[in-house]
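Q: Could we go through how the helices pack in this model? I would like to begin with a crossing.

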Amino acid sequence: MAAYVPVPWVSPLLYGAVLAGGVYYLAAGLGEGPALWSWRTAGFVAALVALFVLDRAERRWSGARVAALFSRCVLTGVVVALDASDLSQVLFVLLPFTAYFAFGRKAALALGALCLAGQLTGFVLTAPGWYRDPERVADLLMLGVGLVLALSMAAVAVGEQRVRRELQEYAARVGELSAAAERNRVARDLHDSLGHHLMAVSVQLEIASEFRALDPDAAARAMEEARQSVRLALGDVRQSVRALREGTPPLSLSTALAGWARDGGAAPRVTVEVSGAQEGYGEAELTALYRAAQEGLTNALRHARASRVSVAVRLAEHGARLAVADDGCGFAPADATGGLGLTGMRERVHLVAGSVDIDSTPGGGTRLTVVVPRGGGER
């Protein structure tokens, strides 16, 4: 069992009460006993001070719990033996109380039983017929009640500390999961935005290099499109930084996709069609559709060697459907291993309770279909 921290004010309060009661008993001459200024009184005060110092030291260094408990038992016995007022017997309740925090419930119950047995044994040995003495019986009953209350208080304090530790551990795990989710989100954003534009730049530069001598006009158009892709990449970076500082602005899906349309110039030809209204769709659903379309177009540019790519989005009442189709070389989905882009796209779509389907055959082109429910994802 992990060691818990005792309630800090209980022990000093009882030590102070016992010290004040014992000194007052002697000063007022309430019974037979030593004088106020005597070695016995000095020993009584010194033992109480030692108990207080032991408590302070134990809070700072909890490595020797057994030794601390043994020292507390010895010092408590010394205080009880030197106290003429018998008020110090209340200190016995501190032994199982502090043991509960350090060793657990079973050890505390065992020590409480020993305290009761010790007092009962003392009565049997020193006071024959004690069971007919109301004062002795009352002392024994009060000790039993004090032990029950002390153990109950310790159990409540340990339970509260245990719950607090579990909450802290839970908060730490939530923080780790949140950090991991944020890392995955940033990785998806970097791949989907910068990766798409850099791939387009690479394709256009290759076209410009190949057509530089054969068709200077086509090479010039390719270079201009590469510059445009660089400008778009810089815009995405600025938008991401602005979103981190100020929040993400609302995404207009039709506007974002319209910039991809390309008719003429370097292949492939890209057509974009968006139908329906995006009202009622959350930012998460729209972003998932946008990034999925971006990934489909990037793969068509990078791998498919297609001459035509179509991007069609239909925003309906109950859900949205995205289709990205090309007439490229195609592939066998069963034999393909998903890269970072496909993995990130599937993660985004699954987070909004959507589905992804890829239909392709070698030589027959590729069709990516994404279905997203309206208002069914994360916010």
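A: Helix 1 and helix 4 cross in a left-handed manner; a crossing is left-handed if the near helix is turned anticlockwise from the far one by less than a right angle, and right-handed if clockwise. Helices (H or I, at least four residues) are DSSP runs, numbered from the N terminus. This is a predicted model, in which local features need pLDDT of at least 70, side-chain atom pairs count only at pLDDT 80 or more, and totals for chains, interfaces and linings use all residues. Residues are numbered from 1 along each chain as its sequence is written, and side-chain values use heavy atoms, with hydrogens and water left out.

Q: At what angle do the axes of helix 1 and helix 4 cross?
A: They cross at roughly 165 degrees and come within 11 Å, helix 4 being residues 94–103. Axes are lines fitted to C-alpha atoms, for helices over the stretch in contact, and angles run from 0 to 180 degrees between N-to-C directions. Helix 1 is therefore roughly antiparallel to helix 4 (angles over 145 degrees count as such).

Q: Which residues of helix 1 and helix 4 meet?
A: Val-10, Ser-11, Leu-14 and Tyr-15 of helix 1 meet Leu-94, Phe-97 and Thr-98 of helix 4, where contact means heavy atoms within 4.5 Å.

Q: And how does helix 4 pack with helix 5?
A: Their axes lie 7 Å apart at an angle of about 160 degrees, helix 5 being residues 105–126. Helix 4 is therefore roughly antiparallel to helix 5, and the crossing is right-handed.

Q: What about helix 3 and helix 4?
A: Helix 3 (residues 65–82) packs against helix 4 at about 180 degrees, with the axes 11 Å apart. Helix 3 is therefore roughly antiparallel to helix 4. Among the contacting residues are Leu-69 and Cys-73 of helix 3 and Leu-95 and Ala-99 of helix 4.

Definitions and conventions
Helices (H or I, at least four residues) and strands (E, at least two) are DSSP runs, numbered from the N terminus. Angles under 35 degrees count as roughly parallel, over 145 as roughly antiparallel, 65 to 115 as roughly perpendicular and the rest as oblique.
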